[in-house]
Amino acid sequence: MGGQACILYGAAEFSRDVDVAIAASDDNLDRLRKALTELRAEAVFVPSLGKEVLLKGHACHFRVHIPEAEGIRIDVMSVMHGCQSFE
């Protein structure tokens with residue numbers, strides 16, 4: 001999402017992360033936590049992943065540590081600032 005904004009505004013920048021937008025439900029968060037565990041992802045910034053944090057509009061950030069994707073950052077969010085809500 002951020003990389004596309006860079007291109008839209010004319011920056012010669014390529015994305016170095018994966019942005020994930022999820023509906024902040026308990027089931028989705030459970031599935032996401034399992035996937036992050038499989039990726040050996042570590043939290044790299046605060047706040048910690050949680051439904052209340054995501055619903056406030058914050059993003060949670062992780063760094064992947066499996067050999068196939070070492071160092072890739074994953075940014076997780078639920079609220080898209082400046083966009084209307086959608087299902």
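Me: Before we start, what does "contact" mean here?
Reply: Contact means heavy atoms within 4.5 Å. Also, keep in mind that this is a predicted model.

Me: Is His58 partly exposed or buried, and why?
Reply: His58 counts as partly exposed, because its relative accessibility is 40%.

Me: Switching to the sheet: in what order do the strands come?
Reply: The order is 1-4-3-2, in an open sheet of four strands with mixed pairing. Strand 1 (17-21) and strand 2 (42-43) are at the edges, each with a single partner strand, so one side of each has no neighbour in the sheet.

Me: How do strand 1 and strand 4 pair?
Reply: They pair in the parallel sense, over five bridges, with strand 4 covering residues 73-77.

Me: New topic: which residues have the most contacts inside the largest nonpolar core?
Reply: Those are Leu49, Leu54, Phe62 and Val76, in a core of 14 residues. Helix 2 (26-38), helix 3, strand 3 and strand 4 each supply at least two of its residues. Helix 2 gives the most, with three.

Me: What does Leu54 contact, leaving out neighbours within four places in sequence?
Reply: Its contacts include Leu49 and Val76, along with Ile22, Ala24, Leu29 and Cys60. Met77, Ser78 and Val79 are also in contact with Leu54.

Technical notes:
Residues are numbered from 1 along each chain as its sequence is written. This is a predicted model: local features need pLDDT of at least 70, side-chain atom pairs count only at pLDDT 80 or more; totals for chains, interfaces and linings use all residues. Side-chain values use heavy atoms; hydrogens and water are left out. Buried means under 20% relative accessible area, exposed over 50%, partly exposed in between (1.4 Å probe, protein chains only). Two strands pair if DSSP finds at least two bridges between them. A nonpolar core is a set of buried Ala, Val, Leu, Ile, Met, Phe, Trp, Tyr and Cys residues joined through side-chain atoms within 4.5 Å.
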